[in-house]
Each structure stands twice: as structure tokens, then as C-alpha cells.
Amino acid sequence: MKQNLGKLDRIFRFVLGVWWLSPYDPQFNAGWANWIVYAVAWIALLESFAAWCWIHEWFNINNKNQ
């Protein structure tokens with residue numbers, strides 16, 4: 001697994017993950033939508049630390065040098 005995320009992308013994913021896991025996260029009336037927000041937040045946070053995204057890998061996108 002090689003890194004395919006750039007520094008700005010990693011910062012954005014980290015901020016998004018922390019924000020969506022904080023008390024200021026978006027709240028919806030549907031409980032399933034809140035679980036999706038939490039799942040996306042954890043995925044974004046993990047990807048920010050790993051510097052690897054499976055969607056970027058799938059579409060052969062590499063913005064590590066950006």
C-alpha cells in the first residue's frame with residue numbers, strides 16, 4: 001500500500017473527520033444518516049493518517065506530490 005494522498009488532501013480529511021466526530025457534527029432526524037456521517041468521519045480520519053485512499057487507488061489518482 002503506497003501513499004496516494006497529498007498534504008492538503010490529508011489535512012482536509014483530518015479536519016473533516018475531527019469536525020464530524022465532535023459535538024458540532026451535522027445532526028439529522030434519521031438515525032441511519034447520523035451513522036453514515038460517523039462512518040465517513042472515521043474513514044476520513046484513518047485515511048488522513050495512512051495517506052492512502054482506496055477510491056484514489058481504484059481510479060488510479062495520485063496527488064501525493066501536490
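## Basis of the description

Because the model is predicted, local features need a pLDDT of at least 70 and side-chain atom pairs count only at pLDDT 80 or more, while totals for chains, interfaces and linings use all residues. Residues are numbered from 1 along each chain as its sequence is written, and side-chain values use heavy atoms, with hydrogens and water left out.

## The chain as a whole

The chain has 3 helices and 0 strands, where helices (H or I, at least four residues) and strands (E, at least two) are DSSP runs numbered from the N terminus. Read from the N terminus on, the order of the elements is α-α-α, and the C-alpha atoms fill a box of roughly 40 × 20 × 15 Å along the principal axes.

Of the 66 residues in the chain, 33% are buried; buried means under 20% relative accessible area, exposed means over 50%, and partly exposed lies in between, with a 1.4 Å probe and protein chains only. Among contacts (heavy atoms within 4.5 Å) with a separation of 6 or more, 69% join residues 24 or more positions apart.

## Helix H1

Helix H1 covers residues 7–21, and its 15 residues reach 21 Å from the first C-alpha to the last, close to the 21 Å expected at 1.5 Å a residue; the expected span is 1.5 Å times one less than the number of residues. The buried residues of H1 are Asp 9, Arg 13, Leu 16, Gly 17 and Trp 20. They cover an arc of only 100° around the axis, which puts them on the same side of H1, the arc being that of the directions from the helix axis to the C-beta atoms.

On the other side of H1, Lys 7, Leu 8 and Val 15 are exposed. The buried residues of H1 pack against helix H2 (31–50) and helix H3 (54–58).

## Helix H2

The 20 residues of H2 should span 28 Å at 1.5 Å a residue, and the 29 Å between its end C-alpha atoms agrees with this. Buried in H2 are Ala 33, Asn 34, Val 37, Ala 41, Ala 44, Leu 45, Glu 47 and Ser 48. Seen down the axis of H2, these buried residues fall within an arc of 165°, so they line one face of the helix.

Trp 32, Trp 35, Leu 46 and Phe 49 are exposed on the other side of H2, whereas what covers its buried residues includes H1 and H3. H2 is followed by Ala 51, whose phi is positive, near 60°.

## His 56 in helix H3

His 56 lies in helix H3 and is buried, with a relative accessible area of 13%. Leaving aside neighbours within four places in sequence, His 56 is in contact with Asn 4, Leu 5, Asp 9, Arg 13, Ile 61 and Asn 63.

## Aromatic pairs

The whole structure holds 4 aromatic pairs, in which rings of Phe, Tyr and Trp (its six-membered ring) have centres within 6.5 Å, and planes under 30 degrees apart count as stacked, over 60 as edge-to-face and the rest as tilted. One of them is the tilted pair of Trp 19 and Trp 20, at 6.2 Å centre to centre and 50° between the planes. Trp 19 is partly exposed, with a relative accessible area of 44%, while Trp 20 is buried, with 19%.

Trp 35 and Tyr 38 form an edge-to-face pair, at 6.1 Å centre to centre and 80° between the planes. Being 3 residues apart in helix H2, Trp 35 and Tyr 38 are separated by about one helical turn. Trp 35 counts as exposed at 64% relative accessibility, and Tyr 38 is partly exposed, with a relative accessible area of 28%.
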